[in-house]
Amino acid sequence: MHQFENSLDFARQLDAHDPLKSFREKFHFPTFHEKTVRYFTGNSLGLQPKTVKEYILQELDDWQKYGVEGHFLAKRPWYAYHENLTDKVAKIVGAKPIEVVVTHSLTTNLHLLMVSFYQPKGKRTKILCEAKAFPSDQYALESQVKFHGLNLAEHLVEVGPRDGEQLIREEDILSKIEELGDELALVMIGGVNYYTGQLFDMKKITDAAHGVGAIAGFDLAHAAGNINLHLHDWGVDFAAWCGYKYLNSSPGGVSGMFVHERHANSPELPRFAGWWGYDKSKRFLMEPGFIPMEGAEGWQLSNAPVLGMAAHLASVEIFDEAGMDRIGQKRDQMTAYLEFVIDDISEKNKDRVSFELITPRDKTKRGAQLSIMAKGQGKALFDVLSDLGVVADWREPNVIRVAPAPLYNSYEDCYWFGQLLQEAIQ
Ligand SMILES: *Cc1c(COP(=O)(O)O)cnc(C)c1O
């Protein structure tokens, strides 16, 4: 289908026809390097939208001017600041507004959701997760199991790649779910694996979990703002993601959570509560006895960290303007182009280096990230690439991760990645 060429002219033609090309101008590109920076780490920390400064300054000005009264008098009153984000974030993840809230940080939200949705009882006590999940998720899962006084080895069941393979076969996840059956309490998987870039079929996994009576939750750190998600329609029970990767919402910025509508009115669900999750109409009566708000908002503990949310708001407005459909189309085409360029360089240098793309080649099984396993002199190669101005990401033992972000990367960036890779090999 693709008739790509690894040439500057060709890359520029693709850019000329890119419906999102003007969005690149909305971002600041790093200038710390003497060479032009080729930024491919939007999967780790997204670039700063130029509007972020204005949005944060608005809150600083309102704080200066109003002090505590800013909760009500600010241009965007702080007491309800998170509500500015809800509809736009809901669109990004394919949810109804009642199913989404922006609050806290990712690992915090995973814990809060697992407190509610991991309820080992009787025989049904096990969690199924992916092997080598992101470390924070591993620790969160381990500590949840221990929190219930359960034995880790028995209760945290991992599905990993088969011997000699890099990716996890979906059929292995599904058959493990079947096998665990009524012992399975929760399936908790990263929607896109942070290391390999593999995208899992969240609908199939959710259906399989529900089929045996288990709950399905996902960590969407590498999926939100990257993958075209339909969390509501897929029937996912809960999910959480961070705002600072593909969503470009400032280092350590706020996280989002999703709780399916079917759990919106379940005040009996156990939870760790705080005043910001309390029924809004009665919150300031400050009475004892927690009454949760309906929907995802009922999981909020604290009042909004407005400065971080201001950055998030600036960014999700850009997503809203671009739309996830166009972002998804460009993601597929640009990732395919980068893949083509890497393959071409790899082929031309096959006597010298050996690259293996461990990310699935099927575009329905990945997002914007390509993980290149560089056997032999991987780290040395990566270091030279960095000296040449490429900002990519190294993961031990031998993987280079590159992610062309559809909102601000260009086809020309992908072409230059290939040229610089060639230079680094030499
Ligand atoms: C980035 C990432 C995190 C980071 O967690 P924080 O709480 O935001 O520090 C956690 N899990 C996954 C899968 C990630 O990719």
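The model is a predicted one, in which local features need pLDDT of at least 70 and side-chain atom pairs count only at pLDDT 80 or more, whereas totals for chains, interfaces and linings use all residues. Residues are numbered from 1 along each chain as its sequence is written, and side-chain values use heavy atoms, with hydrogens and water left out.

Twelve of the 17 residues of α11 are buried, so the helix is largely enclosed by the rest of the structure; buried here means under 20% relative accessible area, exposed over 50%, and partly exposed in between, with a 1.4 Å probe and protein chains only. Gly 323, with a positive phi near 80°, follows α11.

The protein is divided into domain 1 (8–50 + 323–425) and domain 2 (81–321), with bounds that come from an automatic or database domain assignment. The centres of the two domains, taken over C-alpha atoms, are separated by 29 Å, and 38 residues of domain 1 are in contact with 28 residues of domain 2. Between them the domains bury about 2,600 Å², 55% of it on carbon and sulfur atoms, where buried area is the accessible area (1.4 Å probe) that two parts lose on being put together, summed over both. Of the area that domain 1 buries against domain 2, Met 324, Ile 358 and Lys 365 supply 21%, more than any other three residues.

Two salt bridges are counted between the domains, a salt bridge being a side-chain nitrogen of Lys or Arg within 4 Å of a carboxyl oxygen of Asp or Glu. The side chains of Lys 26 and Glu 321 meet in a salt bridge at 3.6 Å, N to O. On the side of domain 1 that touches domain 2, the largest share, six residues, comes from α12.

Backbone geometry was also examined. Glu 396 and Pro 397 are joined by a cis peptide bond with omega about 0°, and Pro 397 lies in the loop between β14 (393–395) and β15. Asn 248, in the loop between β9 (238–242) and β10 (255–259), has a positive phi of about 55° although it is not a glycine, and counts as buried at 3% relative accessibility.

Methods. Helix = DSSP H or I, 4+ residues; strand = E, 2+ residues; numbered from the N terminus. Contact = heavy atoms within 4.5 Å.
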